[in-house]
Amino acid sequence: MKNISVIGSGTMGNGIAHVFAQSGFKVSLIDINVSALDRAMATITKNLDRLISKEKISEETKANTINNLTTFTEVEEGIKNADLIVEAATENVDLKLKIFKQLDELAKPEAILASNTSSISITKIGAATKRPEKVIGMHFMNPVPVMKLVEVIKGYLTDEETTNAVIDISKQIGKVPVPANDYAGFVANRILMPMINEAIISLQNGVAGVEEIDTIMKLGMAHPMGPLQLADFIGLDVCMSIMNVLQDGLGDTKYAPSPLLVNMVQAGILGVKSGEGFYDWEKGNNKSLVVSKRFL
C-alpha cells in the first residue's frame, strides 16, 4: 500500500495524515471545508516545527512530509488512487454509514476502508458496503503523532488479509497495533469512558471538586492526566456519544451518561473545543489548569 486517503481534517484526521506522510506514504487529506483543510495543514506544519526544535526530525523530513500531502474537497478525486482509506469524521453513526456507502461506491475494489471510530460497530459500518471483508477499525489515539497505540478492530466479516495488511502498515508508521474484537467501545473506551463518567458523577454528587478528583487519579493511580481534564481534551460531546453507544450496545444502564455530562453538552460546554469544560481553556489559560468558574 502506497497511497493513503484520510477523510476528515480535524484533530484526528490531520494527525493520521501527518504520521502517514512523515513515514513516506502519499496522503490525500479530504474535507468539504477549505478552511478546515487550511487549519489542518497549519497544524501539521506547526507540529513538524516542534519536532525539529526537539531535534527529532530534520528540515528535510519536514519538507518531504509536506510534499507527501495533498488536500482535496471532492471525495471522488481524493480517493481514486487510494489503497487504504481512513475515515476520521465525527463520532456519529449515521454520518459514518453514509460516508462508507459513498467510499464503497467510489473507491477502487481492492481498497481497504478503515474507520477511526472509537466505539461504533465495525460490523455495522461494513454492512453499509458491498465489501465488508475489507472494512476494519483503526482506532488511533490522540495526539496521533505522539501516541503509539492503534486499536485494530476486526468486524464479523473482515478477512485475515485485510487485518494483516492493517497490522503491517500500522507498524510501518511506527505504531503498535493491538487487535480487539468488535464489541461496543472495543477495549480502550469500554474501560476509559465509564471511568470518566464515574469521575463526572463523583463531581456531580459532591464527593470532591474538579482539581481534587484529577489530582487523586494523577498522584494515586499514576495517570498522566486526570479524567476530567482528559474529558475536556476528548470533547464532552464525544464522551457522551460513546457512553450512549456503550449503553445501546451492551444494554446496561450502568453505561448511561451522567446527567451533569448531558446538561453540559446540551449547553454547548464541550471542553477544549468550546473554550470551557471542567476547566477554562480560553486563550491564556492553557498553560496552567484553571478550573471553570462553574465548579469553584
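Author: What follows is a set of questions about terms, each answered from the structure.

Author: This is a predicted model, where local features need pLDDT of at least 70, side-chain atom pairs count only at pLDDT 80 or more, and totals for chains, interfaces and linings use all residues. Residues are numbered from 1 along each chain as its sequence is written, and side-chain values use heavy atoms, with hydrogens and water left out.

Reader: Why is S258 called buried?

Author: Buried means under 20% relative accessible area, exposed over 50%, and partly exposed in between (1.4 Å probe, protein chains only). S258 has a relative accessible area of 1%, so S258 is buried.

Reader: What makes H223 partly exposed?

Author: H223 has 24% relative accessibility and therefore counts as partly exposed. H223 is found in the loop between α9 (210-221) and α10 (227-234). Helices (H or I, at least four residues) and strands (E, at least two) are DSSP runs, numbered from the N terminus.

Reader: Why does A222 count as exposed?

Author: A222 is at 66% relative accessibility, so A222 counts as exposed. A222 also lies in the loop between α9 and α10, and its phi is near 60°, a positive value in a residue other than glycine.

Reader: Why is E55 called exposed?

Author: The relative accessibility of E55 is 74%, so E55 counts as exposed. E55 is placed in the loop between α2 (34-53) and α3 (59-67). Although E55 is not a glycine, its phi is positive, about 60°.

Reader: How do you know that S258 makes a polar contact with Q204?

Author: A polar contact is a pair of N or O atoms within 3.5 Å; within protein, one must be able to donate a hydrogen and the other to accept it, and residues adjacent in sequence count only if both atoms are side-chain atoms. The side chains of S258 and Q204 make such a contact at 2.7 Å.

Reader: What makes S258 a cap for α12?

Author: A side-chain oxygen of S258 lies 3.1 Å from the backbone nitrogen of L260, and S258 caps the N-terminal end of α12. S258 itself sits in the loop between α11 and α12.

Reader: Which residues does S258 touch, not counting residues up to four places away in sequence?

Author: Contact means heavy atoms within 4.5 Å. With those residues not counted, S258 touches N197, I200, I201 and Q204.

Reader: Which residues of helix α12 are buried?

Author: In α12 (residues 259-266) the buried residues are L260, L261, M264 and V265. They cover an arc of only 130° around the axis, so they lie on the same side of α12. The arc is that of the directions from the helix axis to the C-beta atoms. An α-helix has 3.6 residues a turn, so residues three or four places apart point the same way. The buried residues of α12 pack against α8 (188-204) and α11 (236-250).

Reader: At what angle do α8 and α11 pack?

Author: The angle is about 115°, and the axes of α8 and α11 are 10 Å apart. Axes are lines fitted to C-alpha atoms, for helices over the stretch in contact, and angles run from 0 to 180 degrees between N-to-C directions.

Reader: Why is H18 called buried?

Author: H18 has a relative accessible area of 1%, so H18 is buried. H18 lies in helix α1 (residues 11-22).
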